[in-house]
Amino acid sequence: MANFHHVVSKARETFESGKTRSYEYRKKQLENFKRMVQENGDKIAQSLEQDLKKCKMESFFTEIGLLVTEIDYILENLKQWMAPDKPEKNLITMLDKVRIYNDPKGVVLVMGAWNYPINLTLMPVIGAISAGNCVIIKPSEVAPASANVIAELIPKYLDPEAYQVCLGGVSETTELLKEKFDHIMYTGSTVVGRIIYAAANKNLTPVTLELGGKSPCYVDDSVNLNYAVKRIMWGKCINAGQTCIAPDYMLCTKEVQDKFVKEARKVIEEWYGPNAVNSPDYCRIVSDRHFKRLEKMLQNAEIAYGGQIDPKERYFGPTILTNVNPNHPVMKEEIFGPIMPIVTVANAHEAIKFINARDRPLTSYVFTKDKQIQDLFLENTISGSAVVNDTLIQFGVHTLPFGGVGESGMGAYHGKYSFDTFTHKKSTIIKNYNSLGEKIASARYPPYSDRKLGVMQALMRIKLNFGLAKYIPHAALFAAGLAAGIAYNQYKVRPLPADLPFQIPQGILNRLGLTQEPKSSS
């Protein structure tokens, strides 16, 4: 077991030195990160094949490629994101600088998942680096080959004083969580998420939890069935269903169910052949424990398609269950495998009621051409994300926040949302010693009076019934005078030209702080 206290202390010492804060440092580390991924694509793909029998195509577009595009997107925008934000000012702060500084949080712990062990471990690390933090990386021990390749490559390409990889299982993770971090990000199951949250709570450490849940998929009879089946079963079969945003179960009418099964049979065999065990493009279940859990879900179920399994290879073929009872074990927990249970409902309203009676999912899918039905689901269900007429694609959009809600998680990341997750927004006001500004602020100082109260109400644009209504016009006039003075002070108003067709009375000019050249006698 590693000396985690020493590892975390070293990272904190590095952060306190200010080394990771500059744009140049962050840019260099991100460029090195990109080079690491590009130069070691084969090695990374081999680790994924070893852990999950994942083919190169899936490794590229679900794991490796997304890391490169994420880095490119962040590098394109990082300098702008790092700059202090300039929020809108009010009358009270009109002479002050109002800024929001984007400070790094400090030492961040990122705990990855086993189902996409490269992407779900390293994508948050990219965001934490961009925000200027030091990062402790804990890959999942359930995908050991991927964890080892991360531990091998990170110190070769990134600054070892700022970024460290810690390997190990439950006991090592338990020890690691005893250390104090400035933010913890965990991707995995809801059960373990609760443990992480409890450990973080001891130090009041903020957390981002990307958990799971039973993501529903509603299908009506208006869709192009061939397209819908391909998009739904792709979302269910990719990575052998071991995807947190996979469509977990389907809701539809009995008629749609029968048509769906018939079409799905053709599509699946077109992809993987009559027996997917022989396909080089179909993944395996990650461990014996997860395989046995899935096997139990088939008990007392009506298998309309599939059901072939091979425990020795941990092969679990694409499987569709029909006429599923909502109380069946397959509907009690997130499936995380290539099993598609279909629950029949009468209509969209019944489907929405079914969804809302359960925990809020990580995502939800709606397949319909009817705009009213689309809006009905989007406006009356709550989920981490939602997709109409497709599955999974929201994960690859860098401008969309990826995260859950309720039981499916808290917080979000990807692109700017990753930067914000690992950034502290420091509200800042910078005042000077301008005499006009001090005069405006003097209404806050004792001794108080009705006049000062009226001035503050005018400046704050609040009208309260304090019996001071008679003072409001005076306060408004006072504010107008201040505004004129500010205009003069801020913008250096020049004397009015002499060729105006009229002469402004000197008293008004004095009040406004202006001058007017006398008209020429000619």
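The model is predicted, so local features need pLDDT of at least 70 and side-chain atom pairs count only at pLDDT 80 or more, while totals for chains, interfaces and linings use all residues. Residues are numbered from 1 along each chain as its sequence is written, and side-chain values use heavy atoms, with hydrogens and water left out.

**Overview. Helices and strands of the protein.** The protein has 18 helices and 19 strands; helices (H or I, at least four residues) and strands (E, at least two) are DSSP runs, numbered from the N terminus. Of its 522 residues, 50% count as buried, where buried means under 20% relative accessible area, exposed over 50%, and partly exposed in between (1.4 Å probe, protein chains only). Among contacts (heavy atoms within 4.5 Å) with a separation of 6 or more, 69% join residues 24 or more positions apart.

**View 1. Helices α2 and α4.** Two packed helices are described by the angle between their axes and the distance between the axes. The axes of α2 (residues 23–39) and α4 (residues 56–82) come within 10 Å and cross at roughly 170 degrees. Axes are lines fitted to C-alpha atoms, for helices over the stretch in contact, and angles run from 0 to 180 degrees between N-to-C directions. The two helices are therefore roughly antiparallel; angles under 35 degrees count as roughly parallel, over 145 as roughly antiparallel, 65 to 115 as roughly perpendicular and the rest as oblique. The residues in contact include Leu 30 and Phe 33 of α2, and Leu 67 and Ile 71 of α4. By class, this contact has 12 nonpolar, 1 polar and 6 charged residues. Ala, Val, Leu, Ile, Met, Phe, Trp, Tyr, Cys and Pro count as nonpolar, Asp, Glu, Lys and Arg as charged, and the others, Gly among them, as polar.

**View 2. Helices α3 and α4.** Helix α3 (residues 41–52) packs on α4 at about 105 degrees, with the axes 10 Å apart. This makes α3 roughly perpendicular to α4. Gly 41, Asp 42, Ile 44, Ala 45 and Leu 48 of α3 meet Lys 56, Ser 59, Glu 63 and Ile 64 of α4. The contact of α3 with α4 divides into 4 nonpolar, 2 polar and 3 charged residues.

**View 3. The two sides of helix α8.** In α8, Gly 193, Ile 196, Ala 199 and Ala 200 are buried. Seen down the helix axis, the buried residues fall within an arc of 125 degrees, so they line one face of α8; the arc is that of the directions from the helix axis to the C-beta atoms. They pack against β2 (107–111), β5 (183–187) and β6 (207–210). On the other side of α8, Val 191, Arg 194 and Ile 195 are exposed.
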